[in-house]
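Here's a quick tour for anyone meeting this structure for the first time. Have a look at it, and then we'll walk through a few spots.

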Amino acid sequence: MNVMDLAHPAEEVAPKLLGAILTHETPEGTVSITITETEAYSGSADPASHAYRGRTPRNAVMFGPAGHLYVYRSHGLHWCANIVTGPDGIATAVLIRAGRVIEGEDLAHERRGGKVESPRLARGPGNFCQALGITAEHNGTDLLTGASVALSEGEPVPAALIRVGPRVGVSKAHDWQHRFYLADDPTVSAYRLSPRAKPSAGA
């Protein structure tokens, strides 16, 4: 599957997005980040998905078309960026959990503040959005049509470098193997089990 062909289930797209690049051009400068960690969320079939209970004004972007950015605020603190996948009307998306800044590192440092080590600039979904300059105003952005926020192909990632595991910090369907990340990459976030997690059936 071509990384730019996003009209497939999230769990198929998520590993293909490893190595892809998200770029945001702003008046302050351009930041580009290579994706190193993703999580798949499968809509109405997935208790951890925002779309599990159906369409709402908040999650409407998730229902398509694929290739758009779904941005939400987590715990009232951090913005999180998801790439919508699947066919129109099926609410699936891939959360971008971490990445490596490959362009605009000085600007990413400025946005993150303090003396953040380079591998930590975009480690974790909130930090990823902060480094890239993503906020609610980018919700619904088409990443494939030359907007200021764009997705592009990077260097192919060998399958041997891709690891699979449970999603981080979710309390429902926490044991689903829908997290994908690059092995031994210092930009990848640490696994954390939600204290509210309970065993679940599923993928």
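Let's start with Ala173, which counts as buried because its relative accessibility is 3%, below the 20% cut-off. Keep in mind that this is a predicted model. You'll find Ala173 in the loop between β7 (162-165) and β8 (179-182).

What about its backbone? Most residues other than glycine have a negative phi. Ala173 has a positive one, near 50°.

## An exposed aspartate

Asp184 has a positive phi too, near 55°, and it isn't a glycine either. Look for Asp184 in the segment after β8.

Is Asp184 buried or exposed? With a relative accessible area of 82%, Asp184 is exposed, because exposed means over 50%.

## A cis peptide bond

Most peptide bonds are trans. The one from Gly64 to Pro65, though, is cis, with omega near 5°. Pro65 sits in the loop between β2 (29-41) and β3 (69-74).

## Inside strand β2

Now for Ile33, which belongs to strand β2. Ile33 counts as buried, since its relative accessibility is 0%.

Which residues does Ile33 touch, leaving out those up to four places away in sequence? The list includes Ala20, Ile21 and Leu22, then Gly99, Arg100, Val101 and Ile102, and also Ala122, Phe128, Ala131 and Leu132. As for Leu18, this residue is 15 residues from Ile33 along the chain, and the two C-alpha atoms are separated by 11 Å.

How values were computed. Residues are numbered from 1 along each chain as its sequence is written. This is a predicted model: local features need pLDDT of at least 70, side-chain atom pairs count only at pLDDT 80 or more; totals for chains, interfaces and linings use all residues. Side-chain values use heavy atoms; hydrogens and water are left out. Helices (H or I, at least four residues) and strands (E, at least two) are DSSP runs, numbered from the N terminus. Buried means under 20% relative accessible area, exposed over 50%, partly exposed in between (1.4 Å probe, protein chains only). Contact means heavy atoms within 4.5 Å.
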